[in-house]
Structure formats: C-alpha cells, structure tokens
Amino acid sequence: MTDLQVRPLDVSTWPDFARVMEAHNGVWGGCWCIAFHPARRPRSEADPANNRPDKEALVRAGEAHAALVYDGADVVGWAQFGSVDELPRIKHRRAYDAGAGEPPDWRITCFFVASTHRKRGGGLGRARGCAAGDRPARRRNG
C-alpha cells in the first residue's frame with residue numbers, strides 16, 4: 001500500500017476533486033456530492049449539469065467540507081462531512097426523525113473511493129477517520 005495523505009476540500013484542492021469527479025461521471029449519475037446540501041435551485045430546475053457549478057460555489061464559499069485522500073498528486077477518495085445545517089438532507093428522513101433525539105453537531109454524508117483504488121484498503125478508512133476523529137484535514141479548515 002502506498003503512503004496516502006489527507007487534505008481538506010477547499011479552493012486550492014478543488015481542481016483535484018473536480019478531476020476525480022469528472023473521471024467518475026460526477027459520481028452517482030452526476031451528483032457531485034451535492035444531494036445532501038440544501039437545495040440551491042427549485043425542484044423544477046434540478047439537472048445534474050448544475051451540480052458541478054453549484055458544488056464549486058459551495059466550496060468557494062466555505063460551505064462544503066470533505067477530507068480528500070491523495071495517493072501522490074491524485075485524489076483517490078473522500079469523505080464529505082459538515083454540520084446538520086450544512087448537510088440537512090439525508091436519506092430515510094422520516095425514520096431518522098422518528099428515532100432521533102438531539103441533532104448531532106455534524107454528520108458524514110458521502111464516502112467515495114476511485115475505481116483505481118478500490119479493494120486496496122486504507123483510503124476510505126483514512127478519510128472516514130479524518131472526518132470523524134483526529135481530523136488533521138479539518139484543522140486547516142477551522
């Protein structure tokens with residue numbers, strides 16, 4: 001296994017994030033990990049073609065966070081995280097709300113490993129650990 005590094009998603013790492021997203025067709029049919037953010041457009045204007053520019057705008061505004069896992073110069077995975085306000089949309093909301101107590105301070109909504117690095121181990125766990133625990137990638141984002 002190679003020596004993987006973790007960096008935050010921000011303006012300086014956006015081109016790397018965009019490159020791996022484009023290599024995987026925007027992930028999940030062009031989602032660009034925007035589905036859990038507040039809706040930026042009316043439902044009638046929902047179109048995967050809007051997801052890339054919308055995600056970039058969120059990153060530039062400091063309203064989208066992720067721990068990016070690098071193998072050398074390439075992003076090979078990430079874990080998206082943020083506050084409940086930043087990522088209010090979740091799957092199975094009704095079931096979640098039925099059993100929910102106090103809302104958490106933050107949540108992890110997306111994990112992804114590039115197809116070139118799947119079944120190798122390490123990358124996703126490293127991103128998840130940074131988003132959930134030690135968080136060296138988060139320290140630079142505040």
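What covers the buried residues of helix 1? The cover includes strand 1, strand 2, strand 3 and helix 2 (48–60). Helices (H or I, at least four residues) and strands (E, at least two) are DSSP runs here, numbered from the N terminus, contact means heavy atoms within 4.5 Å, and buried means under 20% relative accessible area, exposed over 50% and partly exposed in between, with a 1.4 Å probe and protein chains only. The model is a predicted one, in which local features need pLDDT of at least 70 and side-chain atom pairs count only at pLDDT 80 or more, while totals for chains, interfaces and linings use all residues. Residues are numbered from 1 along each chain as its sequence is written, and side-chain values use heavy atoms, with hydrogens and water left out.

First, the overall layout. The protein has 5 helices and 4 strands, and from the N terminus on they run β-α-α-β-β-α-β-α-α. Of the 142 residues, 42% are buried. Among contacts between residues at least 6 apart in sequence, 64% join residues at least 24 apart.

The strands make an open sheet in the order 1-2-3-4, with antiparallel pairing; two strands count as paired if DSSP finds at least two bridges between them. Strand 1 (4–8) and strand 4 (106–113) are the edge strands, each pairing on one side only. From one strand to the next, the twist averages 20°; axes are lines fitted to C-alpha atoms, for helices over the stretch in contact, and angles run from 0 to 180 degrees between N-to-C directions. In general, strands of a sheet pair through backbone hydrogen bonds, either parallel or antiparallel.

Going across the sheet, strand 1 and strand 2 (residues 65–71) pair over 5 bridges in the antiparallel sense. Here R7 stands opposite L68, and L4 has D71 as its bridge partner in strand 2. Strand 2 then pairs with strand 3 over 7 bridges, again antiparallel, with Y70 partnered by V75 and A66 by Q80. The hairpin of these two strands has 2 residues between them, and G72 in it takes a positive phi near 70°. Strand 3 and strand 4 are also antiparallel, joined over 7 bridges, and the bridge partner of A79 in strand 4 is F111.

Strand 2 has 7 of its 7 residues buried, and strand 3 has 8 of its 10. In a regular strand the side chains alternate between the two faces of the sheet. For strand 2, both faces are covered: H65, A67, V69 and D71 are buried on one side, and A66, L68 and Y70 on the other.

Back to helix 1 (residues 14–23), which packs on the sheet and touches strand 1, strand 2 and strand 3 (74–83). The direction of helix 1 makes about 105° with that of strand 3. Its buried residues are W14, D16, F17, A18, V20 and M21. An α-helix has 3.6 residues a turn, so residues three or four places apart point the same way. After helix 1 comes N25, whose phi is positive, near 55°.

P104 counts as partly exposed because its relative accessibility is 33%. P104 and S83 are 21 residues apart in sequence, with 8.0 Å between their C-alpha atoms.

Lastly, the largest pocket has a volume of about 320 Å³. Pockets come from a 1 Å grid over the protein atoms alone: a pocket is an open set of points where a 1.4 Å probe fits, with protein on both sides within 12 Å along at least five of seven lines, and lining residues have an atom within 4 Å of a point. Grid points are joined across faces, edges and corners, and the volume is the space filled by probe spheres set on the points. Of the 18 lining residues, A39, R40, A46, N51 and R89 are the closest to the centre of the pocket. By class, the lining has 8 nonpolar, 3 polar and 7 charged residues; Ala, Val, Leu, Ile, Met, Phe, Trp, Tyr, Cys and Pro count as nonpolar, Asp, Glu, Lys and Arg as charged, and the others, Gly among them, as polar.
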